[in-house]
Amino acid sequence: MADQPVDKKSNYKKLGARHKARRRAVDLLFEAEARDIDPAELLAERVTLALRDDAVAPVNPYTRVLVEGVADDLDRVDGTIESYLQDWALSRLPAVDRAILRVAVWELFHANDVPPVVAVDEAVELAKELSTDDSPSFVNGVLGRVVEVAPQVRAAAAATRATVAPVDADDEA
């Protein structure tokens, strides 16, 4: 064993809970698209199945956040991806690449606890694991352009939340 090189960084990343959650979210988004059903509906099915059958792995809370987030914001996420594709249409991409990009773009726009570099790196790793040889560099290129606008999108979302925040009953009195 000592003669074999060990890539600790790569092994650690692949074993991380968030990495596994992202991969499962990509799997669920891919399956939902293949079956032409709402990703949130598929997620609910899997959560229920895991509760009923001990042989089915429970759905990680972060997987739920990702799938529900992408499902709720799918039009904007897809529109963003499409606007950064050069000479491509979203529908022409491999379905797994669409799922990977959807998770990463949602994280870039909404996951304040995930640094942008981590969202991009995780997407590239998933493309290496799940897609074609050309996909990692393609995913990296698209997300490299999306990263530039992500801070503005996050700031706009935060400003919207601040202006639409519910009024406390004590404040009205």
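**Close-up 1. Glu 107 and Arg 22, two buried partners in a salt bridge**. Both Glu 107 and Arg 22 are buried, a word used for under 20% relative accessible area, with exposed meaning over 50% and partly exposed in between (1.4 Å probe, protein chains only). Their side chains meet in a salt bridge at 2.9 Å, N to O; the term stands for a side-chain nitrogen of Lys or Arg within 4 Å of a carboxyl oxygen of Asp or Glu. Glu 107 belongs to helix H6 (residues 95-110) and Arg 22 to helix H2 (residues 17-35), so this pair ties together parts that are 85 residues apart in sequence. Helices (H or I, at least four residues) and strands (E, at least two) are DSSP runs, numbered from the N terminus. Please keep in mind that this is a predicted model, in which local features need pLDDT of at least 70 and side-chain atom pairs count only at pLDDT 80 or more, while totals for chains, interfaces and linings use all residues. Residues are numbered from 1 along each chain as its sequence is written, and side-chain values use heavy atoms, with hydrogens and water left out.

**Close-up 2. Glu 33 and Arg 98 meet in a salt bridge**. Here the N to O distance is 2.4 Å. The pair links distant parts of the chain, with Glu 33 in helix H2 and Arg 98 in helix H6, 65 residues apart. Glu 33 counts as partly exposed at 31% relative accessibility, whereas Arg 98 is buried at 9%.

**Close-up 3. Asp 78 forms a salt bridge with Arg 102**. The closest N and O atoms lie 2.7 Å apart. Asp 78 sits in helix H5 (residues 74-84) and Arg 102 in helix H6, a link between distant parts of the chain that are 24 residues apart. Asp 78 is buried, with a relative accessible area of 14%, and Arg 102 is buried too, with 10%.

**Close-up 4. A salt-bridge network**. For context, a search of the whole structure finds twelve salt bridges.

**Close-up 5. A negative surface patch**. Asp 38, Glu 41, Glu 68 and Asp 72 form this patch. Patches are made of residues with over 30% relative accessible area and no salt bridge, like charges being joined within 9 Å and nonpolar side chains (Val, Leu, Ile, Met, Phe, Trp, Tyr) within 5 Å. Glu 68, one of the four named here, is found in helix H4 (residues 61-72) and counts as partly exposed at 36% relative accessibility.

How values were computed
Areas by Shrake-Rupley, 256 points an atom, 1.4 Å probe, with all protein chains shown as cover. Lys, Arg positive; Asp, Glu negative; His and termini not counted. Charge placed at Lys NZ, Arg CZ, Asp CG, Glu CD.
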